[in-house]
Amino acid sequence: GASTSVLFDGTGRLRQVICKLGTTPDRHTVTGPVFLLGGSLAAVVTAHPMTGAATWFVIMCLAVATLVGEPRDGRLAQAGCVTAALALGASLSAPYWVPFLQLRSLVSLDRAMSGYYDPTIHLVHPMQLLSRQWGFGGSGPGVGDGMSFQLGLPHVVVAVAGCIALRRSPLGCGAGLVWAALVAAMLPVGAFLWRSGSPLHAFQFPWRLLSVVAVLQPLFVMGIAFGGSGATPGRTRAGAIAILVVMLLWYAPMMRTNPEAAAVPFAALERALMQRFEASRQRFDVYALQNEFLPRGVTDPPTAPRGDAAVVACEAGGRVVIDPMSSDDDIWAHVTADAPCTIVVRQFLFPGWRVTIDGREVVPETLDASRRPDGLIRLTIAEPGEHTIRAWYAGPPGGGMRCACMLGVVAAIAAVLRGVDRKRGATVQAAECRPF
C-alpha cells in the first residue's frame, strides 16, 4: 500500500501528490514525491519479485489513467514525474533483479514452475474470498486446503462503493477495472492465464495477487471519504480513518473465534522457535528442500532435504570438524585426511560460491568440473594431514559495478529533478491541483 498512499495522498490524483508533498503549504517540489514513490516501488520489488512486478503494472495503469482529461502540459509533467519514479525504483532495486537476469542462463527454474509450483492448482475459489475462516493450512487444489485467501466482505464492499463514488473519475474507473481484472485472474475462470507457456506461469501462486489487490484499497477508501465529506481535507481524512477503523473491528474477532486458531499452542511454538534460533549456529539452511532452484545441468537432484546430515562431510578417507562459528553462507571446516580423499559441501554450486583449501582458492573451473551429479560442491584433498576448508557465498559477479551504476543513476535522477525544481522556482500553487 505504500506506493498507493504516495500516488493518491487523500484525493486520488497523482498530480496532487506532486503538488502537495512539497516543503511548504504553498511552495512545492517534485524531487521529494518522486523519490518517495520510487523508493516505495523499489521496496515492493525487494519484498517479493512476483508481486512487485504485478504492483508496478497496476501503478503504471493507474498513472496512465490520471492523464485522461489533462491538458498537454499537465500530461507531459505527470508522465515525466512517473517515468522518473519508475527509473528510480528500477535503479534502487537493481541489486535484486539484475543478478536474476545475469544468472538466468546458469540457474534452472524448471522445477519452480512445475509440480507443486504449477499455478493452475493454486487458484482461489469465490467463497474463499469472503470467508471469515482464518486457516493455517498450505495452498493446494480445491476449497479445503485450509489456507486463508479472503479479501473479506469489508474489502469487497469498500471496493464497490469506491468505484461508485469515483465513477466520474478516469482514475476511479481505471482502478475499478484493474481491481475486477485481478480478482477474476485468481479465480478458476482465469485458469487459462496461468497455463504452461503463459508469461504468468512463473508467478507460481495466483493468490499472490491478493496483496496487489490490497494496494488499491487506499484509493477506494479515499474516494468514499472524499465523496461524502464535502471535499474538505480534514473531513476526508477523518472519514477515511473511520472506514479503516470499521474494517479493523470486522477483522479483529477472527483469530479469537476460530477454534482452529485457539488450539494452536502459540506459547510453545514461540519457545521452540527461540530454542532453534539459539542453536542456529550449528544448523545450516540449504536449497535442497524442494529443489525449486537448481544449478543448470544437474542430472540427479537430491530427493530429500539435508535433514541432520553434516553440511560438510568426508565421502571417504578422513574426518571433518565444522567450526562452530560457521554460518549458512560462510562455512569453515577442519579436515583430518588419512589419505587423499573427497569432501562434499552440502550446498548447491550456484555462481558466487568460492572455496579455499588451506588458504589457496579453488578456481571456478575446478569447482564446476568436480561438482557432484546432484549439484552439490565436491572437493578433492590430494595430501594426507590437517587441512582447513572455507566455503562462502560471495554473491553474483559484478556486485561492485552494479552498486556503482545504481548510485550513478540515482544521482543523475536527483540532479535532473533538482534542476526542474529550480527552473520552476518551486512555485506550483496548491490551487492548481484538482481533486480526482
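Predicted model: local features only at pLDDT ≥ 70, side-chain atom pairs only at ≥ 80, totals over all residues.

Colleague: Which residue meets the side chain of R390 in a salt bridge?

Modeller: Side chains of opposite charge can pair when their charged atoms come close. For R390 the N to O distance is 3.0 Å, and the cut-off is 4 Å.

Colleague: How many residues apart in sequence are the parts that the pair D330 and R390 ties together?

Modeller: D330 belongs to strand β4, which covers residues 330–348. R390 belongs to strand β8, residues 385–393. The pair therefore ties together parts whose separation in sequence, in residues, is 60.

Colleague: How many salt bridges does a search of the whole structure find?

Modeller: Others include E361 with R354, whose closest N and O atoms are 2.8 Å apart, and D374 with R372, at 2.6 Å from N to O. Over the whole structure, the number of salt bridges found is 4.

Colleague: Are D374 and R372 buried or exposed?

Modeller: Buried means under 20% relative accessible area. D374 has 11% and R372 has 17%. Both values fall under the cut-off, so D374 and R372 count as buried.

Colleague: And what do E361 and R354 count as?

Modeller: The range for this class lies between the 20% and 50% cut-offs. E361 has a relative accessible area of 39%, and R354 is at 34%. E361 and R354 therefore count as partly exposed.

Colleague: In which strand does T356 lie, and which residues is T356 in contact with beyond four places in sequence?

Modeller: T356 lies in strand β5, residues 353–357. T356 is buried because its relative accessible area is 13%. Leaving aside neighbours within four places in sequence, the contacts of T356 are E361, V362, T388, I389, R390 and W392.

Colleague: How many disulfides does the structure hold?

Modeller: C341 is in no disulfide, the nearest cysteine sulfur being that of C314. For the structure, the number of disulfides is 0.

Colleague: Which residues are closest to the centre of the largest pocket?

Modeller: The largest pocket has a volume of about 1700 Å³. Its lining is made up of 50 residues. Closest to the centre are P49, M50, Y96, F100 and F293.

Colleague: Which element gives the largest share of the lining of the largest pocket?

Modeller: The elements that give two or more residues to this lining are α4, α6 (94–102) and α9 (170–186). By type, the lining divides into 39 nonpolar, 5 polar and 6 charged residues. The largest share is 8 residues, and it comes from α4.

Colleague: Helix α4 also holds G52. Which residues does G52 touch, not counting those up to four places away in sequence?

Modeller: G52 is found in α4, residues 49–65, and counts as buried because its relative accessibility is 0%. The C-alpha atom of G52 is separated by 8.3 Å from that of V212, 160 residues apart along the chain. The residues that G52 touches are V44 and V45.

Colleague: Last, how much of the protein counts as buried?

Modeller: The protein has 17 helices and 8 strands. Among contacts between residues at least 6 apart in sequence, 71% join residues at least 24 apart. Of the 436 residues, the share that counts as buried is 42%.

Terms used:
Residues numbered from 1 in each chain as written. Heavy atoms only, no water. Buried < 20%, exposed > 50% of the residue type's maximum accessible area, 1.4 Å probe, protein only. Contact = heavy atoms within 4.5 Å. Disulfide = S-S within 2.5 Å. 1 Å grid on protein atoms, 1.4 Å probe; cavity = no way out; pocket = protein on both sides within 12 Å on 5 of 7 lines; lining within 4 Å. Points joined across faces, edges and corners; volume = space filled by probe spheres on them. Nonpolar A, V, L, I, M, F, W, Y, C, P; charged D, E, K, R; others polar.
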